[in-house]
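Here are my notes on this model.

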Amino acid sequence: LRSRVLEMGGLVEAQILAAIDGLTSGDLRALDNVVAEDHRVNALEVSIDTECSQLIARRQPTAGDLRMVLAVIKIVTDLERIGDEAAKIARMGKQSYARARMPSAPVAAVKHVGNIALGMLRKALDALARLDPVAAASIVREDFAIDEEFRAIVRQLITFMMEDPRTISQSLEILWIAKAIERIGDHSKNMAEQVIYIVRGTDVRHTTVEELEREALG
């Protein structure tokens with residue numbers, strides 16, 4: 001079951017990478033492919049959810065096994081939503097390039113925050129593969145960095161729009177792209193919290209970072 005989730009995670013990771021690369025290079029074909037491939041992520045979510053339901057019904061797992069199944073159900077939901085955000089980045093990128101060439105400064109900032117989000121997802125998947133709660137806890141702190149980068153992009157875009165009102169439509173599209181990346185960070189954080197739940201048996205959602213780190217260390 002865990003290997004199926006990691007397979008889905010690899011696909012989602014590739015989708016994000018293709019969306020960010022297509023956005024920064026202006027490769028519209030790559031952006032089209034990201035949108036077209038989203039159905040594969042959706043199909044994996046349904047398949048893994050079905051497998052989890054059958055495991056619960058037939059095997060009646062308990063303790064750590066049950067926690068694994070319950071966490072996987074939540075993790076694949078987060079992965080599916082990350083796939084949706086990758087598709088959103090691709091669609092917004094296509095719209096923006098259809099209007100005009102995108103300004104380099106905000107796009108560079110978006111690529112930077114996108115790389116942070118992609119790194120968070122990779123670390124969350126690695127923590128799941130190794131069932132490493134300490135590594136998972138470190139991911140939660142990284143979410144603060146993405147939030148700060150997002151606020152910086154918002155400030156930059158506001159300056160663009162004030163200096164030249166003709167850039168408002170395109171700036172708003174870049175803003176939605178940056179927000180989609182910020183949401184990828186949020187979903188990666190959720191996945192990390194589920195890894196801690198699997199290993200420690202404690203639900204660390206909606207707790208402080210300090211409390212979460214204490215639980216991760218056991």
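1. A residue counts as buried under 20% relative accessible area, as exposed over 50%, and as partly exposed in between. Arg205 has a relative accessible area of 33%, so Arg205 is partly exposed. Keep in mind that this is a predicted model.

2. Arg205 has a charged partner. Its side chain meets that of Asp203 in a salt bridge, 2.7 Å from N to O. Asp203 has a relative accessible area of 41%, so Asp203 is partly exposed too.

3. Next, Asp132 and Arg130. Their side chains form a salt bridge at 2.9 Å, N to O. Is Asp132 buried or exposed? At 19% relative accessibility, Asp132 counts as buried, because the cut-off is under 20%. Arg130 stands at 48% and is partly exposed, because exposed requires over 50%.

4. Which parts of the chain does the pair Arg141 and Glu213 link? The side chains of Arg141 and Glu213 meet in a salt bridge of 2.7 Å, N to O. Arg141 lies in helix H6 and Glu213 in helix H8 (residues 209-217). The two are 72 residues apart, so the bridge links distant parts of the chain. Arg141 is partly exposed at 40% relative accessibility. Glu213 is partly exposed as well, at 23%.

5. Across the whole structure, a search finds 18 salt bridges. Arg4, Glu7 and Glu51 are joined in a network of such bridges.

6. Now the packing of H1 (residues 2-25) with H3 (residues 38-59). Their axes come within 10 Å and cross at roughly 165°. H1 is therefore roughly antiparallel to H3, because angles over 145 degrees fall in that class. The crossing of H1 and H3 is left-handed.

7. Which residues make the contact between H1 and H3? H1 contributes Arg4, Val5, Glu7, Met8, Leu11, Val12 and Gln15. H3 contributes Asp38, Arg40, Val41, Leu44, Glu45, Ser47, Ile48 and Glu51. The residues of this contact divide into seven nonpolar, two polar and six charged. Arg4, Glu7 and Glu51, the salt-bridge network, are among the contact residues.

8. Last, Ile158. This residue is found in helix H6 (residues 133-163). Ile158 counts as partly exposed, with 39% relative accessibility. Ile158 and Leu175 are 17 residues apart in sequence. In space, their C-alpha atoms are 9.8 Å apart.

Note on methods. Residues are numbered from 1 along each chain as its sequence is written. This is a predicted model: local features need pLDDT of at least 70, side-chain atom pairs count only at pLDDT 80 or more; totals for chains, interfaces and linings use all residues. Side-chain values use heavy atoms; hydrogens and water are left out. Axes are lines fitted to C-alpha atoms, for helices over the stretch in contact, and angles run from 0 to 180 degrees between N-to-C directions. Helices (H or I, at least four residues) and strands (E, at least two) are DSSP runs, numbered from the N terminus. Angles under 35 degrees count as roughly parallel, over 145 as roughly antiparallel, 65 to 115 as roughly perpendicular and the rest as oblique. A crossing is left-handed if the near helix is turned anticlockwise from the far one by less than a right angle, and right-handed if clockwise. Contact means heavy atoms within 4.5 Å. Ala, Val, Leu, Ile, Met, Phe, Trp, Tyr, Cys and Pro count as nonpolar, Asp, Glu, Lys and Arg as charged, and the others, Gly among them, as polar. Buried means under 20% relative accessible area, exposed over 50%, partly exposed in between (1.4 Å probe, protein chains only). A salt bridge is a side-chain nitrogen of Lys or Arg within 4 Å of a carboxyl oxygen of Asp or Glu.
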